[in-house]
Amino acid sequence: MLTEQDCTVVELPKVDTRLITPKAPAIARVVGNLPCTYGKSNSWVRNVAIDVSATALAGKIRIGQAFGIIPPGTDEDGKPHKVRLYSIASPDAGEDGRGNILCTPVKRTIAEFDPEIGGNRRAHRGMFMGACSNYLCNLSVGDEVLVTGPAGKRFLLPADAERHDYVFIATGTGIAPYRGMVLQLLKGPAGPTRRDIWLLAGAPYTSDLLYHELFLEIEREFDNFHYLQAVSREPHAPGELRGIYVDRLLVSHLERLGPVLERPSTLLYLCGIAGMQFSIYRRLALLGLLDGYAVPKSDICVTSPADWTSTQMRRGLRATARCMIEVY
Ligand code: NAP
């Protein structure tokens, strides 16, 4: 039987990184490219599957890591495009069971230049099309693509997955690693785990929920997997005008989630937009559940969590080994 202390020690697996560097990228091939939104959505997100069998990435990627893509062409300064990292959404054995086919959700970056930011070059109105995301979303099955990686040593499942319970929290495409982690834990070679897995997903609209049908299906199959959604731009309940952010799910499901978060064995994963990390920290602190996931570095605790600003939390809180964070 593990002691409380043992559970809080989180051993991560040793992983390979930089097997392929941007100086010498390898050629991989697209084998799938399909929307992964829930029906029609103006957030165009496609699950792009890539065969890396002819590269050093084959069989080497662990779920939680990312791989790099180098789009063709040059940037606005005439320099070759730099590598972009994409989170793997496949379990360790890939989509094919041998670690040869990796998938990732790619959201088309389509935005307006904002004259207020970005210096002279951007001091005009007009559309901005992300070079790599649109390149990837436009690829067809059979097309070649330059890959690098793997990248990432910390946002991983623990070496001994059976020692822990899991609370995975995502916004938008931050759900990518959780698809692979949930598949790894419940359908991987060592699975299915009997430990608790909670997945909390945030998205602007219901139609933006990624891999939604897959998670609903897994929830029907495994009674220890719980999938909750927070939709921010649709009324949350009859009579309400606004939606909710993911941190509100901690309140609405406190009765069941509270005891899970209190267990020393539980690991908390946060992936998505940067602001989410702080709304989760604040909410956990208000609920008296932050201990074990973040510790104060400064005198932040002299003020009430309700008044904590993002800057204060960035400077004043340090994530513990039980809290994995991948936010941008
Ligand atoms: P998105 O579809 O726009 O969804 C983000 C959701 O989070 C929206 O519902 C948004 O609400 C909500 N939100 C905004 N502020 C929040 C806060 N403080 N707390 C909780 N929820 C909040 O997301 P996206 O375009 O995919 O962007 C996701 C981000 O994750 C990107 O920055 C991307 O770089 C990052 N990401 C990281 C990884 C990784 O592996 N590290 C992988 C993929 C993506 P409203 O917009 O309605 O306010």
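**Close-up views of a predicted model**

**View 1. The loop that holds Y211.** Y211 sits in the loop between β10 and α4 (212–221); helices (H or I, at least four residues) and strands (E, at least two) are DSSP runs numbered from the N terminus. The phi of Y211 is positive, near 55°, although Y211 is not a glycine. Y211 has a relative accessible area of 8% and is buried (buried is under 20% relative accessible area, exposed over 50%, partly exposed in between, with a 1.4 Å probe and protein chains only). The model is predicted: local features need pLDDT of at least 70 and side-chain atom pairs count only at pLDDT 80 or more, while totals for chains, interfaces and linings use all residues. Residues are numbered from 1 along each chain as its sequence is written, and side-chain values use heavy atoms, with hydrogens and water left out.

**View 2. The loop that holds R18.** R18 lies in the loop between α1 (4–8) and β1 (26–35). R18 is another residue other than glycine with a positive phi, of about 50°. Its relative accessibility is 58%, so R18 counts as exposed.

**View 3. Two cis peptide bonds.** Most residues other than glycine have a negative phi, and most peptide bonds are trans. The bond from G149 to P150 is cis, with omega near -5°, and P150 belongs to strand β8 (residues 144–151). The bond from G191 to P192 is also cis, with omega near -5°; P192 is in the loop between α3 (176–187) and β10.

View 4. On a 1 Å grid over the protein atoms alone, a cavity is a set of points where a 1.4 Å probe fits but cannot get out, and a pocket is an open set with protein on both sides within 12 Å along at least five of seven lines; lining residues have an atom within 4 Å of a point. Grid points are joined across faces, edges and corners, and a volume is the space filled by probe spheres set on the points. One cavity of 30 Å³ or more is counted, and the largest cavity has a volume of about 40 Å³. Its lining consists of A170, G172, I175, A201, G202, A203, D208, L209 and L210. Strand β10 (residues 197–203) contributes the most to this lining, with three residues. Six lining residues are nonpolar, two polar and one charged (Ala, Val, Leu, Ile, Met, Phe, Trp, Tyr, Cys and Pro count as nonpolar, Asp, Glu, Lys and Arg as charged, and the others, Gly among them, as polar).

**View 5. The second largest pocket.** The second largest pocket holds about 260 Å³ of space. It is lined by 15 residues, of which L157, P158, A161, Q184 and L185 are the closest to its centre. The lining comprises nine nonpolar, three polar and three charged residues. Domain 1 (26–151) and domain 2 (154–327) each supply at least three of the lining residues; the domain bounds come from an automatic or database domain assignment.

View 6. Helix α7 (residues 274–286) has 13 residues and spans 19 Å from its first C-alpha to its last, close to the expected 18 Å (1.5 Å times one less than the number of residues). Its buried residues are M276, Q277, F278, S279, I280, Y281, L284 and A285. G288, which follows α7, has a positive phi near 70°.
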